[in-house]
Amino acid sequence: MNRIYADYNATTPVDPAVLAAMLPYLGDKFGNASSAHFFGREARAAIDDARVRVARQLGAQESEIIFTGGGTESDNTVIFGVRPGHIITSAIEHHAILHACQHRRDCEVTVLPAGRDCRVDPADLQRALRPDTVLVSIMSANNETGTLQPVPELAAICRHRGVPFHTDAVQSLGKQPVSVADWGVDLLSLSAHKFYGPKGTGLLYVRRGVKLDPLLFGGSHENERRAGTENVAGIVGLARAMELPLVNLFDLTETLAAGIAAQITGAHRNGHAMLRVGNTVNFSFAGCETSGLLLGLDLEGVAVSSGSACAVGSLEPSHVLTAMGLPRDLARAAVRFSFGRATKATDGARVLAALVKVVGRLRTFTAC
Ligand code: PLP
């Protein structure tokens, strides 16, 4: 069966150029970057070069980049790295932020709501800031709906009040320009496997002067900010992946959305229709269950998901859709379509045809 992968927000394949850049560091150039001999220096040089390129891409200084083991680690480093106090985040964040916050028992956490369009209102942030606020963390693009948050505006509010602002930009890189300089953020998380790099590699940008304790202790790697032998191949791959051109799939996803609206009754679009990363659309199909939709589409050769891959197996409706105020039955009937570099225009039509079939079949069953 010729399968269609429409779950690029869950993960992406490693780009051939990224793999080619990484391979030497999984082979001959295997040194430990902490070793003083030739092999170590070779690995160190690769990391130094990657850091320069990554910093340039983000509009940052090299000393402001910490390589990590992915988006979850970057997010956790931020949440656990600030001193005790008041933290502000939002109800639509990834669990890497929300669950980490739950474990900061020495902090009081304010969770901002999101509107029906999946947007956080800057006025809510203004109101929630307190003299003891030590951190604000709001994502740049939501992983389930693709909706963009007003990051520069939120960051400006925090700067005015002298509070560090973090954004989880895991779903932005590769889909929209990401610049810490343009956005005015103090902290930013990325994960390579979301933009055609390897899994288990990410980075955290920490603006100079922002105080953050490490999450991991051990050796003096990453300037004593993240202990552990560096994943040289991963870091090289991450830097190469950041240099790939942006993928703009807005028209393709909009065509799919228009097809769904025209051909499937009881289809509800979730998230902001315009202010979104171009590769993502999310719909709920009244009278269906997410699990049936995912299974049915998989049998038709279309791989999609309900949102966070980490939530697979949980019977609870998506916390993002629930926070947006979707009724429980619609929140439990949602599908996220996320396209990527290899998606062809004809794939959109095939996805739509499969969807029409699966939704029709599921509704017939429920009607019996
Ligand atoms: N943040 C967001 C918005 C994500 O979508 C994800 C992954 O789904 C993560 C964080 C976690 O990243 P990683 O898979 O690299 O741990």
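**Briefing: cavities, salt bridges and local features**

The structure holds 2 cavities of 30 Å³ or more. This is a predicted model, in which local features need pLDDT of at least 70 and side-chain atom pairs count only at pLDDT 80 or more, while totals for chains, interfaces and linings use all residues. Residues are numbered from 1 along each chain as its sequence is written, and side-chain values use heavy atoms, with hydrogens and water left out.

**Cavities**
- A cavity is a set of points, on a 1 Å grid over the protein atoms alone, where a 1.4 Å probe fits but cannot get out; lining residues have an atom within 4 Å of a point.
- The largest cavity contains about 90 Å³ of space, a volume being the space filled by probe spheres set on the points.
- Its lining comprises 13 residues, of which Gly174, Lys175, Tyr196, Val247 and Asn279 lie nearest the centre.

**Salt bridges**
- With a salt bridge defined as a side-chain nitrogen of Lys or Arg within 4 Å of a carboxyl oxygen of Asp or Glu, the count comes to 19.
- Glu230 forms a salt bridge with Arg44, with the closest N and O atoms 3.2 Å apart. Because Glu230 lies in the loop between helix 8 (221-224) and helix 9 (232-242) and Arg44 in helix 2 (residues 38-58), the pair ties together parts 186 residues apart in sequence.
- Glu230 is buried at 9% relative accessibility, whereas Arg44 is partly exposed at 25% (buried means under 20% relative accessible area, exposed over 50%, partly exposed in between; 1.4 Å probe, protein chains only).
- Glu300 and Arg361 meet in a salt bridge of 3.0 Å, N to O. Glu300 lies in the loop between helix 11 (290-299) and strand 11 (302-303) and Arg361 in helix 14 (residues 345-367), so this pair ties together parts 61 residues apart in sequence.
- Salt bridges that share partners join Asp49, Arg53, Arg240 and Glu243 into one network.

**Helices**
- Helices (H or I, at least four residues) are DSSP runs, numbered from the N terminus.
- Helix 10 (residues 250-263) has 14 residues and reaches 20 Å from its first C-alpha to its last, close to the 20 Å expected at 1.5 Å a residue; the expected span is 1.5 Å times one less than the number of residues.
- Buried residues of helix 10 include Phe250, Leu252, Leu256 and Ile260.

**Helix 13**
- Arg328 is located in helix 13 (residues 328-331) and is partly exposed, with a relative accessible area of 48%.
- Arg328 and Gly340 are 12 residues apart in sequence and 30 Å apart in space, C-alpha to C-alpha.

Methods
Helices (H or I, at least four residues) and strands (E, at least two) are DSSP runs, numbered from the N terminus. On a 1 Å grid over the protein atoms alone, a cavity is a set of points where a 1.4 Å probe fits but cannot get out, and a pocket is an open set with protein on both sides within 12 Å along at least five of seven lines; lining residues have an atom within 4 Å of a point.
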